[in-house]
Structures are given as C-alpha cells and as structure tokens.
Amino acid sequence: MDSARTSPSRKAASTKIVIAGGFGVGKTTLVGAVSEIQPLRTEALVTNESEGVDNLDAVPSKATTTVAMDFGRLTLGEDLILYLFGTPGQRRFWFMWDDLCLGAIGAIVIVDTARLDESFSPLDYFEAKGLPFIVAVNQFDGLEKYTLEQVQAALALPPEVPIISVDARDRDSAKAALIRVTEYALEHLTRTLAGAS
C-alpha cells in the first residue's frame, strides 16, 4: 500500500456505492472503468443451461455474467475510500442484493434504452429500500438516442431522482456518475435530517 495515500496515524473513512441494473447494462464495465485496483469480478460463462431461464436475446454477444458481485475501490483523499459493489443482473441472483446494499450511501441504476422494461424492477427495489439512487442511461453504440426527459417520463421517475447519461467504458463519465450519486445521497440525508427536527 502506498504510504502517501494512507497515513498510519489516521484511520481512513470509507463509504459504499452500489452499481445496479438489469442483465448486460454495463455494471461490470463501469466498475472496471473507474476502479483504481484490478476489480474483483465473479464472472461465469453464459452456458446453454441458462436457456429458458435468462433472456439473452438483447445481448447475444455477451459471453459472461456476474454471478455474485463486482468489487472496486477508489481513493478520494488521504482519508476517504469509496468502495463499489456491482450487483448481478440476472434475476435468479437478485437474492444477493440485500447483502450488497447493507451500509451503502446510494446506488447507481444503469439502464439500457433498448430494454427499458427491464429497469422497473431495479428501480422499484431501491424505492422500496429508501436508498437514494440515480439513474444512469448507458450510451450504447448504434442505439437510437433519447433525451433524458424522454427516458425519465418512460420510467415514470419522480422529479427529484437525478438522471444522467453515462458511457460505462469511460473513466471520467463513470466518475461523474459517482460524484452525482454522492451529491444526491448527501442531499437526501440533509432533507431527512431536516424533516426529523
């Protein structure tokens, strides 16, 4: 570990953000784009066994899938570390989401405009949990572009939920999403504390 990054006399604080969404929307890619360490990935080959269980029609070239989580880390300062947890996208692995969300300050829900119908369950999950989340529309090559307002209306998002464009492959774009979810989580906490007093 680089001693310039973490002073032995100071204990580093950490925070956790969850990267969620449906199958093949770019969660693993986003974690890999922004993590300062080689991300921990629990990828398995997509096999014929998933036929009839997982809908692969929209992502026919996808050869692997996350079966537990993706994990990455980003040092934000001498004493602040951000941990990233990417959820599995296939429904049969969603039972792990509760554990992955424990202690998280917020979530990024990545959506694919070609498969917006697959976004409703992840959005409902975070709304029910009360965990602050933002929506990140992944800009896939070759897809028709929609305005953020069109996507927000199609998803019936409450006006206070931030929605942004993201290129999950691009480090700066991924960082911008992390900044926005952190800002929103702080705004949410401030509103909650103000309402409690």
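This is a predicted model: local features need pLDDT of at least 70, side-chain atom pairs count only at pLDDT 80 or more; totals for chains, interfaces and linings use all residues.

A: One of the pairs joins Phe126 and Phe133, whose ring centres are 6.3 Å apart and whose planes meet at 40°, so the pair is classed as tilted. Both Phe126 and Phe133 are buried, and together with Trp97 and Tyr125 they make up one aromatic cluster.

Phe126 and Tyr125 also belong to helix α3, which spans residues 120-129 and in which Pro122 and Leu123 are buried along with them. Viewed down the axis of α3, the buried residues fall within an arc of 155°, so they line one face of the helix. An α-helix has 3.6 residues a turn, so residues three or four places apart point the same way. The cover over the buried residues of α3 includes the strands β1 (13-21), β5 (106-111) and β6 (133-138), as well as the helices α2 (97-101) and α4 (148-155). Just after α3, Gly130 adopts a positive phi of about 75°.

The packing can also be followed through the largest nonpolar core, which has 43 residues, and in which Phe126, Ile108, Val135 and Leu178 touch the most other members. Setting aside neighbours within four places in sequence, Val135 is in contact with Leu123, and also with Val109, Val111, Leu155, Leu157, Val161, Pro162, Ile163 and Ile164.

Note on methods
Residues are numbered from 1 along each chain as its sequence is written. Side-chain values use heavy atoms; hydrogens and water are left out. Rings of Phe, Tyr and Trp (its six-membered ring) pair if their centres lie within 6.5 Å; planes under 30 degrees apart count as stacked, over 60 as edge-to-face and the rest as tilted. Buried means under 20% relative accessible area, exposed over 50%, partly exposed in between (1.4 Å probe, protein chains only). A nonpolar core is a set of buried Ala, Val, Leu, Ile, Met, Phe, Trp, Tyr and Cys residues joined through side-chain atoms within 4.5 Å. Contact means heavy atoms within 4.5 Å. Helices (H or I, at least four residues) and strands (E, at least two) are DSSP runs, numbered from the N terminus. The arc is that of the directions from the helix axis to the C-beta atoms.
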